Amino acid sequence: MNSPLPLHIPDGFLTVIISGVFWAVTIVMVGIAISKTNKSLGEKQVPLMGVMAAFIFAAQMLNFPVAGGTSGHFLGGALAAIVLGPWAAMLVMTAVIGVQALLFQDGGLLAMGANIFNMGILTAAIGFGLYRGVSGRTRKIRLAVAGCAAWLAVVASALITSLQLWLSGASQLQIVVPAMLGVHILIGLGEALITVAALTFIERTRPDLLNQESVTEKGGRGWIVAGVIVSIGAVLLSPFASTHPDGLERVAEDMGFLHLGQSAPYRLLPDYTIPFLGATPLSTIVAGVVGALVVLGLAFVLGQSLRKAGR
Amino acid sequence: MPVVHPREPIPILDCEGDVLQVRGLHFSYPDGHAALRGVSLKLCEGDKAALVGPNGAGKSTLMLHLNGILEGRGEIEVGGMRLTRGNLPAIRSLVGLVFQNPDDQLFSPTVFEDVAFGPLHMGLPEDEVRGRVDEALESVQMSAYKERLSHHLSMGEKKRIAIATVLSMRPSLLVLDEPSAGLDPRARRTLIHLLRDLPITMLVSTHDLTLVRELFPRTIVMDEGRIVADGLTMEILDDVQLLEAHGLEKP
Amino acid sequence: MHADVFDRYHESESRLHRLDPRVKVAVTVLFILSNALLPDGAWSAFGLTWLLLVWANHLSRLGVDFSFRRSFLALPFALAATSAVFSPLGNPLAEWRLGPLTLIPTDYGLVKFFSILVRSWLSVQAAILLVAVTRFPDMIHAFEHLRVPKILTTIIAFLYRYLFVLADEVVRLLRARESRSAAAPGVRSARSVLWRAKVTGNLAGQLFLRSYERSDRIHNAMLARGYDGNLRTLNLHVMKPGDWSFFSMCVILILLLQLIGRL
């Protein structure tokens, strides 16, 4: 079985320190998630999250032909966070990623902390945070934001994956960021379309699962803040990292991040750059925002057409 | 549609010590649909009764009440003990409820873990749990399957293991929902032999009237949330008028 | 397709199969950690690590090349590491110009790249061998023994159990979709990507609702058997002296590898 997205980092790519840092963050978040879901779902949490984990796993098998023999795939982190709430989604994604690593060697064991963070925690924050922010709005807006969040979740996962590889010395920033982002900006569109269509279907059949009351119950206002901050971070960082890798490297070096990952002393070779389009930081940030708006527009149009089809 | 009450509910066997008594049970789902409208029923030690009726008659809803998963208005007594919130654990170990789809009933990765789930959650010590698992698998003739993975089992095997998962709790009443659904003829035959030989009081909901005729001396007919007939299987299955009035067909 | 394609366990009678699952899990994790800790370019230590792996394959009686034959699944990801060749560290080996790009492979970068490749290749083989000699339910027990929270191990157990049930359901849904999206021979299906995405999304929604309802029924089945929110499990595995000695031997061997790698 092939990984739907090239986001499952195998063992051997991340340094022990990077793996350890992300394991630590993941363990803390999963610990909180366990106590939160225990409170909100009680005895029902086991069967619900267990079957939902199997659902995400099975849904990742769904694919749809896009063009030229490639297919769109589904990651499901944002959808899980929207319908189950962020904490339950984290546990569900942890189980999915754990089984993928253990049973199918899709993603490593040492790298699992990072993989859970990238595909389970980050996607929950973006998916739920943005959706929670518009939970009281009209259907169209909610679906548009959900699609946007799903796209952004995939892109943000790809971005953080690239950064982890770079900090581990396994990839050059100048190459890995544009490559990973380029692929996932497209894959993310598939994710957005499927998420919106799935939500449309669920809302038509079980509106009670997605009404404002049940969404606000699943996570507090803090999630809106978290979701918006992570999203803005991803939107600002992506174009910056792909066009100004030197800048990012300098920032990372100044903050001491690079020495975390690399065993050898680091020195910059000034003649090693990829001359991208002569972009200034401002123009790349504008580009990021424009990109996000385009996706928002697309998701909006889709939401509308689905609504018509649903009638 | 008016509901015909052709006869008063009559217990078939005159028995000592009722296993189950239900009196005036009413239940409505949150959406307002009234699923049970005054169900009264008595089962005696050794009774093997079939519960028949069209879909939506309330059979499954009634079964979910018998060990307190749903809570309606009315009284339920199991083995002389009145069902309340306080004695739910005790009641649940007395009433073994087997759901229609064995994929819902068997939720553990291995057969052993599934059969052990009941006794383990009754709080029994480890050795006792292991003994109960062996005993339950023995009684459904599946001892060799203890270490098997549930997803490797056939439908018929899953149904038998599903029965073992409640037998391990040593219930005094076995409640089965559609045990023969989805079975091929051979697996169905094996199941019939198994149910016939199990020395335990049984209430079995089914659409399979051939099975009813072969296996159960007593038949209870439900429709629209009420018991409309309760008596000897022979007589009820011969009453074509009654059967047709409730969407059933003479086998 | 039958859901059995998900089974990775290979039935056999061997020392490794009989070993306590937590020893197997712990040794695998230590082995992978050791690979990560070995410095770049520690070729002799990597070579000995590989010998250790061959020996483990031999012990499993599945064939000395068992894990090797299945180890190529991590290769596509190696693409991500190719850029490490052009590390700014070390001495330039060449200079390639590709349009606007100037790529300079370095000796440091080359060593880095191959070290990553070897680490990942060795690690993935250990994981492959682990699932081949350990039944997955036993692996879940191992995690229980190793203090992974019960709620997580139980979710994983449910995932494993219902993975097969839902995968069958997906196959049925996909088949139904295919039989309905027929096109006349020679005529290209005029459906747009948007339409295809919508159909797939509907499938996902349908699958979600079925799963959601199933979890309700399972919850009932659990309640009916006395479940009250407290998960109880049986202590299914007991460490035998042989398990301890095997574990200690592996730890010593891994420490030796680390020593050799740092000489």
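In this predicted model, strand E7 of chain B, residues 173-177, is largely enclosed by the rest of the structure, because five of its five residues are buried.

E7(B) has strand partners on record in the model. With strand E6 of chain B (residues 95-98), the pairing is parallel and runs over four bridges; here B:Leu176 of E7(B) is the bridge partner of B:Val98. With strand E8 of chain B (residues 201-205), the pairing is again parallel and runs over five bridges, and B:Val175 has B:Leu203 of E8(B) as its bridge partner.

The largest nonpolar core comprises 197 residues. The residues with the most contacts inside this core are A:Phe55, A:Leu165, B:Leu20, B:Leu62, C:Phe136 and C:Phe208. Helix H6 of chain A (residues 139-167) contributes the most to the core, with 18 residues. Apart from residues up to four places away in sequence, C:Phe136 touches A:Val99, A:Leu102 and A:Leu103 as well as C:Ile156 and C:Tyr160. A second, separate core has 49 residues, among them B:Tyr145, B:Leu167, B:Leu183 and B:Val212.

Over all chains, the structure holds 32 salt bridges. In chain B, the side chains of B:Lys42 and B:Asp18 meet in one of these, at 3.6 Å from N to O. This pair links distant parts of the chain, with B:Lys42 in strand E2 (residues 34-44) and B:Asp18 in strand E1 (residues 18-28), 24 residues apart. B:Lys42 counts as partly exposed because its relative accessibility is 29%, and B:Asp18 counts as partly exposed at 24%.

In chain A, a salt bridge joins the side chains of A:Arg206 and A:Asp208 at 3.0 Å from N to O. A:Asp208, at 38% relative accessibility, counts as partly exposed. In chain C, C:Asp138 forms a salt bridge with C:Arg135, their closest N and O atoms being 3.8 Å apart; both C:Asp138 and C:Arg135 are buried. A network of salt bridges links B:Asp104 with C:Glu169, C:Arg210, C:Arg214 and C:Arg217.

Note on methods. Residues numbered from 1 in each chain as written. Chains lettered and ligands numbered in written order. Predicted model: local features only at pLDDT ≥ 70, side-chain atom pairs only at ≥ 80, totals over all residues. Heavy atoms only, no water. Core = buried A, V, L, I, M, F, W, Y, C linked by side-chain atoms within 4.5 Å. Buried < 20%, exposed > 50% of the residue type's maximum accessible area, 1.4 Å probe, protein only. Helix = DSSP H or I, 4+ residues; strand = E, 2+ residues; numbered from the N terminus. Contact = heavy atoms within 4.5 Å. Pairing = 2+ DSSP bridges. Salt bridge = Lys/Arg side-chain N within 4 Å of Asp/Glu carboxyl O.
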